[in-house]
Amino acid sequence: MSAVLIVPPLLVEIGTDLGVSVPVAGQLATATFAAWAVSLLGVGPLSDSFGRRPVALAGLAILAVTAVASAFAPNIETLLALRVLTGLAGGTLPPTAVGVVSDVISPARRARAITAMLAIQGVVAGVTVPMVAVLADLGGWRLPFAVTGALLVAALQANWMWFPRDNRERTRSLVFFSRYFSLLSLRYFRVAIAVGATQRISFWATLSFFPAHLLLTYDVPLALVALPLVITAAGQVVGSYSAAFVANNKHRSALLAGTSIAGGLCACVFFSAHLGLWLAVAVVAVGAGFLSVLMPALVAVSTEYSGESKSTGASLMGFTNPSSGALGAAIGGVLLASVGYAGIGYMCLAVTIASALMTPLFGRRLGDTATPTAAQSSG
């Protein structure tokens, strides 16, 4: 997650050094998320068919190499290509992690375990991303990439020793399309993809342009951006942990709709109104918290319906995350260049309302009309 989320606080620095505008530099995030989405489509069946450990270790190795190489990128084109590789490698890890947690945690504790694991994204935003801002202030935008690469090498060594070894019997042959077809035959996955993809456009547009908005609108020094990032990350962690309560609640469809609209409204206010620095930070932190509820909840619930294809189910849900990140960054960049930051805010509100309006399609209790055994028997 550190390798994936490193770009947003560096947009201004990268643009200045490589001679491009902030909207153009913002397409580095678009490239990362688009490649992440492509990777997710294949990694779930690979993990379910051949095992979690080899997929996870290969992904970490590629991430380490691309992070170090990014520190020496001579131009925006090279950096863009490296971000594509980063996205492809990063996409191997979330569904594999969900799969291995589902393998070793009992169903009664699974929602809490998965949402806690996915809350790591907020922890990264609260610890690593502010450190990225501080390191960039000390040594330029290349230093954070070098440090992240070194940490990824250490992570690879640790996971080589500690990542759970797969003792389950597997076919060791790739079953690709049938896993996806069996899951997409269920109403839950069809609706969840539409709801999740729409809402996450708002989430990623907010996070992608939040640091640049503070830097340019409120004239905040780069090093000082670390504190607002910590505050916003705290909101993400609270939202992700709250997802366990939402996932196990009988009114979860309504709760997901309400939190989405509340998050979109906060994003709209943040980008369209001049509130003063700390009030603006508070508003976006609350919004990030609300917007962080939906995806962990949907991933946790997906394990109820995915049978032996849990990584494939996580891949389906995960695909909505980076693909929406690419859309959010791309649309946000166009709106920023043509309308200004207010355009990003109105877009965030519009997509969260659209997402909320689709939640009734789940059914009375968010997919209970689907039959979980269908995925289990065909997975």
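Ala, Val, Leu, Ile, Met, Phe, Trp, Tyr, Cys and Pro count here as nonpolar, Asp, Glu, Lys and Arg as charged, and the others, Gly among them, as polar. By these classes, the lining of the largest pocket in this predicted model has 32 nonpolar, 12 polar and one charged residues.

The volume of the largest pocket is about 1100 Å³. Its lining is made up of 45 residues, and Met1, Leu93, Pro94, Ala97 and Ile120 are those nearest the centre. Helix 7 (residues 93-104) gives the largest share of this lining, eight residues.

A search of the whole structure for cavities of 30 Å³ or more finds two. The second largest cavity holds about 30 Å³ of space. Its lining consists of Ala3, Ile6, Ala67, Arg83, Thr86, Phe145 and Thr148. Helix 6 (76-90) and helix 10 (142-162) are the elements that give two or more residues to that lining.

The classes of the two linings are set out below.

| Space | Volume | Nonpolar residues | Polar residues | Charged residues |
|---|---|---|---|---|
| Second largest cavity | about 30 Å³ | four | two | one |

Turning to helix packing, helix 8 (residues 107-118) meets helix 16 (residues 294-302) at an angle of about 140°, and their axes are 9 Å apart. Helix 8 is therefore oblique to helix 16. Their crossing is right-handed. On the helix 8 side the contact is made by Ala111, Ile114, Thr115 and Leu118, and on the helix 16 side by Pro296, Val299 and Ala300. Six residues of this contact are nonpolar and one is polar, with no charged residues.

Definitions and conventions:
Residues are numbered from 1 along each chain as its sequence is written. This is a predicted model: local features need pLDDT of at least 70, side-chain atom pairs count only at pLDDT 80 or more; totals for chains, interfaces and linings use all residues. Side-chain values use heavy atoms; hydrogens and water are left out. Axes are lines fitted to C-alpha atoms, for helices over the stretch in contact, and angles run from 0 to 180 degrees between N-to-C directions. Helices (H or I, at least four residues) and strands (E, at least two) are DSSP runs, numbered from the N terminus. Angles under 35 degrees count as roughly parallel, over 145 as roughly antiparallel, 65 to 115 as roughly perpendicular and the rest as oblique. A crossing is left-handed if the near helix is turned anticlockwise from the far one by less than a right angle, and right-handed if clockwise. Contact means heavy atoms within 4.5 Å. On a 1 Å grid over the protein atoms alone, a cavity is a set of points where a 1.4 Å probe fits but cannot get out, and a pocket is an open set with protein on both sides within 12 Å along at least five of seven lines; lining residues have an atom within 4 Å of a point. Grid points are joined across faces, edges and corners, and a volume is the space filled by probe spheres set on the points.
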